[in-house]
Amino acid sequence: MSPISNAPVRIPFSIRTRGAVAALGVLLFWVGIVMAAQRYPSEYDWRYMTVSRLLEADHDPAGYLWARAGIALCGVFGFVWATLLAQRRAAIRALQAGYFFMACAAMLPESLLRVPKGHEMLAILAFVGIWCGIVSVMFQSSVQALLRRMRGTTGRARLYAAALVLAAMLPLVLAGTAQAYVYLEIPDLPWVSLAWRARGVPVFISFAFWEWVTCLVLSAYMVALAVTATRLKVA
């Protein structure tokens, strides 16, 4: 019978670093966004101004490259991180596709996109892919983590994991609800801008506000997912 070793278990390099890859992508995203916002030619109030304002040369000529670079690098690092994971194929493919479209939306010039609103379409595809992938992988990782920490049944662990996933959906639901309310109750209101603030429109019906909240929530979930996957040695 071999003696029990007290030596610490060494985590393989690929497992140890993939969490850092994901976290670095999120960090670069926010660095690019903050730098672009600081260079905005006028006041930038995130509660009433959407992310897209920072990505357009016409609106932010001195800072739009920062925003695009941050988003592109986040897409590249996220794609690498998703490739290093080896969970269910559907979730990983969704993440890879989402991060790929994210990088394309930031890097491809308008002249190469032959379809109307090409960048908007790429941004929507990126968001859908990343959100679906994160939710799916988060659910799987949360179930594993809860099963290790709780002496309960699988059903109980799945219930807690489902609640965690539903929390990620809340900003999206609120964003859609706010848009529906504006469309039905205030149809003459123009697209969200600083004019809303001047008119005293409540911030909780601003699409821009919920868009930024969604970005923050997904970033937090992304970092938490990277840490969880690393600790669980998902392979």
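Author: A salt bridge is a side-chain nitrogen of Lys or Arg within 4 Å of a carboxyl oxygen of Asp or Glu. The model is predicted, so local features need pLDDT of at least 70, side-chain atom pairs count only at pLDDT 80 or more, and totals for chains, interfaces and linings use all residues. Residues are numbered from 1 along each chain as its sequence is written, and side-chain values use heavy atoms, with hydrogens and water left out.

Reader: How many salt bridges does this rule give?

Author: Side chains of opposite charge can pair when their charged atoms come close. Here the count is three. Glu43 pairs with Arg197, closest N and O atoms 2.7 Å apart. Asp45 also bridges to Arg197, at 2.9 Å. Arg47 meets Asp45 at 2.8 Å, N to O.

Reader: Which residues are linked in a network of salt bridges?

Author: Glu43, Asp45, Arg47 and Arg197.

Reader: Where do Asp45 and Arg197 lie?

Author: Helices are DSSP runs (H or I, at least four residues), numbered from the N terminus. Asp45 lies in the loop between H1 and H2, and Arg197 in helix H6, so the pair ties together parts 152 residues apart in sequence.

Reader: Is Asp45 buried or exposed?

Author: Buried means under 20% relative accessible area, exposed over 50%, partly exposed in between (1.4 Å probe, protein chains only). Asp45 is buried, at 6%. Glu43 is partly exposed at 42%, Arg197 partly exposed at 31%, and Arg47 partly exposed at 33%.

Methods. Helix = DSSP H or I, 4+ residues; strand = E, 2+ residues; numbered from the N terminus.
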